[in-house]
Amino acid sequence: MRATATAHPNIALIKYWGKREIARNLPAVGSISLTLSELFTEMTIDLDGHDVDTFALNGEADESLLPRLASCLDNVLGPDRPRAAISSRCNFPVAAGLASSSSAFAAAVVAADAAAGSGHAQAELIRLAGRSSGSAARSLAGGFVELDNTGEDVAVHTLLNPDDWPLRVVIAVTESGPKPVGSGEAMEISRKTSPFYSRWVEEQPADLEAARRAIADRDFRRLATVSEHNCLKMHSLMWASQPPVVYWNEATMSCLYTVRELQAGAVDVFFTIDAGPQVKAICTAAAEAAVRDALATTRGVVDTRVSGLGQGAHVVESM
Ligand code: DP6
């Protein structure tokens, strides 16, 4: 009745922003992401003899994520489930726009399923992870991953395995504190108030198709163009919300200039930014050192992390 699972966060190139149904947390749009290899969340769930649910992050009791984790376990194991001691180890800052909820909930669903021996099929684990966090569904798979939102429930599949196109991701951390407003809440503000929201939803299938084709052809420049466009559209609609949802800081903008300079020097790199001020630069292996050096010395960057593409969430221990 105890299991540990590891999951890696994923970075969306074609983004999920907006929900079509709150109750089941269904996204309004499909998305395409890269699952990272170097960042991870390892989650242990112990279902033996606990009176209440508890959660510890990196060895410290943490109340902030407990309600969402408890409801995640309710979804996987049913409301009459045994109470759980949940502990997590994470090698990157949480709730800071580094996609920590994607790896946390993917790992939680897989660990809970293994701890209870529920034996849910992969498609069901994906659906359950998505209920807790839309992006978490994508961390069930590795490499280049597409989330299809067109069915009754979300479905996720790998477009390319990590070794098929081993791109690198350099993360420029510009601030390590928690973000001012969570993405779920911010999406609802955008849906209700942004004049650009409906156009965003309408255009998503075309961006998904362009990215799908670029990935199938391993065409870096085409993937760069559609990914940057999709990212800037998402942030534009956030900025035009009331109240405005602005996750960027000065260093975020400085990083974009750095990426533009690298591109002007024919370096294969493009940027993407999620619900936080960090900039993720996707590049070829040959460009990695130049991209990392340039971002590490950009004004306001406090840290850089480098990752390749990784595998989907999996059980590491079960007993
Ligand atoms: C900007 O998956 O965190 O990173 O479903 O409410 O938990 P919830 O949202 P979440 O949103 C991710 C938003 C994004 C884009 C993306 O990852 O596709």
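A polar contact here is a pair of N or O atoms within 3.5 Å; within protein, one must be able to donate a hydrogen and the other to accept it, and residues adjacent in sequence count only if both atoms are side-chain atoms. This is a predicted model, in which local features need pLDDT of at least 70, side-chain atom pairs count only at pLDDT 80 or more, and totals for chains, interfaces and linings use all residues. Residues are numbered from 1 along each chain as its sequence is written, and side-chain values use heavy atoms, with hydrogens and water left out.

Let's start with the ligand.

| Residue | Atom on the protein side | Distance to a ligand oxygen |
|---|---|---|
| Tyr16 | polar side-chain atom | 2.6 Å |
| Gly134 | polar backbone atom | 2.6 Å |
| Arg138 | side-chain N or O atom | 2.7 Å |

Taken alone, the ligand exposes 460 Å², and the protein buries 92% of that (Shrake-Rupley areas with a 1.4 Å probe).

Now for charge pairs. Side chains of opposite charge can pair when their charged atoms come close. The model has 25 salt bridges, counted when a side-chain nitrogen of Lys or Arg is within 4 Å of a carboxyl oxygen of Asp or Glu. One of them joins Arg83 to Asp53, with the closest N and O atoms 3.6 Å apart. Arg83 lies in the loop between helix H1 (66–77) and strand S9 (85–90), and Asp53 in the loop between strand S6 (41–46) and strand S7 (54–57), so this pair ties together parts that are 30 residues apart in sequence.

Finally, a look at the backbone. The peptide bond from Gln242 to Pro243 is cis, with omega near 0°.

Notes:
Helix = DSSP H or I, 4+ residues; strand = E, 2+ residues; numbered from the N terminus.
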